[in-house]
Amino acid sequence: MEECKIPVVWGLDKKYVLQAFVVMHSILRNSKHHFHFFILTADELKYDVEKYSDILKKEYSNFELSVEIVDINRFASAKIRNRHLSKAAYFRLLIPEIILEYNKCIYLDCDIIVHGDLKEFFEIGIEDYYLAGVKDCHVIEDTPFEIKHQQVLGIPSRDKYINSGVMLMNLDMMRKDRLVVSFWEQLQKENWFEDNDVLNVCCYPYIKTIPLKYNLFHFYLGNHIKFL
């Protein structure tokens with residue numbers, strides 16, 4: 001197993017290629033460690049990936065990039081309730097069976113900027129957890145909507161419900177417990193927040209909640225909510 005590189009994964013469609021490379025740039029400018037970037041996609045991205053990779057290579061040598069093609073037909077029955085998302089949001093559910101050469105990995109969405117050395121996040125201990133992430137400030141609020149949401153999901157508590165845009169994933173433990181099978185079963189049920197719900201239901205209660213700095217939304221600042 002390859003352990004000297006830090007694997008970082010994105011699931012995306014052709015609309016978000018440039019954004020993913022902006023995130024990669026922000027990672028590389030803040031760290032001297034070697035990274036293995038993975039793009040999971042169902043689209044033909046060869047031209048864009050080569051173009052943006054060449055730009056990064058002019059400035060950085062501490063990364064390699066792999067593109068893994070996902071069969072979009074596997075998600076034919078997957079529902080999208082939130083219009084800003086596409087079925088690419090579900091691609092992260094396949095990471096344990098696609099990224100086989102690593103014991104754990106980082107998953108990132110395309111709409112973030114990294115401001116520190118990502119190795120600090122990667123080294124968080126998750127030996128006894130499937131996932132580590134930051135609590136989702138909306139879902140953990142005690143609103144009628146979220147109370148109903150919890151009932152639909154059938155989880156005992158929302159206190160460990162994390163936002164899936166920034167995650168540290170224990171791939172070894174997920175593979176051992178065949179979690180991708182569980183993801184597929186949950187995918188057929190009602191999920192108000194797509195992959196976010198699937199991950200939080202299937203990984204409960206083995207989810208490690210970590211400090212807000214690892215997934216800070218700009219609109220959290222100045223809000224006097226329970227989460228802060």
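**Figure 1. Strand β1 and its burial in the predicted model.** Strand β1, spanning residues 6-11, is mostly covered, with 6 of its 6 residues buried; buried denotes under 20% relative accessible area, exposed over 50%, and partly exposed the range in between (1.4 Å probe, protein chains only). Strands (E, at least two residues) and helices (H or I, at least four) are DSSP runs numbered from the N terminus. The model is predicted: local features need pLDDT of at least 70 and side-chain atom pairs count only at pLDDT 80 or more, whereas totals for chains, interfaces and linings use all residues. Residues are numbered from 1 along each chain as its sequence is written, and side-chain values use heavy atoms, with hydrogens and water left out. In a regular strand the side chains alternate between the two faces of the sheet. From β1, Ile6, Val8 and Trp10 point one way, while Pro7, Val9 and Gly11 point the other way; all are buried.

**Figure 2. Strand partners of β1.** Strands β1 and β2 (residues 35-41) run parallel and are joined by 6 bridges; two strands pair if DSSP finds at least two bridges between them. The bridge partner of Ile6 in β2 is Phe35.

**Figure 3. Helix α1 and its packing.** The 12 residues of α1 reach 17 Å from the first C-alpha to the last, close to the expected 16 Å; the expected span is 1.5 Å times one less than the number of residues. Buried residues of α1 are Val17, Ala20, Phe21, Val23, Met24, Ser26, Ile27 and Leu28. These buried residues pack against β1, β2, α2 (46-57), β3 (63-69) and β4, where contact means heavy atoms within 4.5 Å.

Figure 4. The model has 0 disulfides, a disulfide being a pair of cysteine sulfur atoms within 2.5 Å. Cys203 is in no disulfide, and its nearest cysteine sulfur, that of Cys202, is 6.6 Å away. Cys203 is buried, with a relative accessible area of 0%. Cys137 also counts as buried, at 2% relative accessibility.

**Figure 5. Salt bridges between separate segments.** The count comes to 11 salt bridges, each defined as a side-chain nitrogen of Lys or Arg within 4 Å of a carboxyl oxygen of Asp or Glu. Lys5 and Glu64 meet through their side chains at 2.5 Å, N to O. This pair links distant parts of the chain, 59 residues apart: Lys5 lies in the segment before β1 and Glu64 in strand β3. Glu64 is partly exposed, with a relative accessible area of 28%. In the salt bridge of Glu97 with Arg74, the closest N and O atoms are 2.7 Å apart. Glu97 belongs to helix α3 (residues 95-98) and Arg74 to the loop between β3 and α3, so the pair ties together parts that are 23 residues apart in sequence. Glu97 is partly exposed at 36% relative accessibility, as is Arg74 at 35%.

Figure 6. The side chains of Asp172 and Arg175 form a salt bridge of 3.4 Å, N to O. Because they are 3 residues apart in helix α6 (residues 171-176), Asp172 and Arg175 are separated by about one helical turn. Asp172 is partly exposed, at 37% relative accessible area; Arg175 is partly exposed, at 24%. Elsewhere, a network of salt bridges links Arg92, Asp109 and Asp195.
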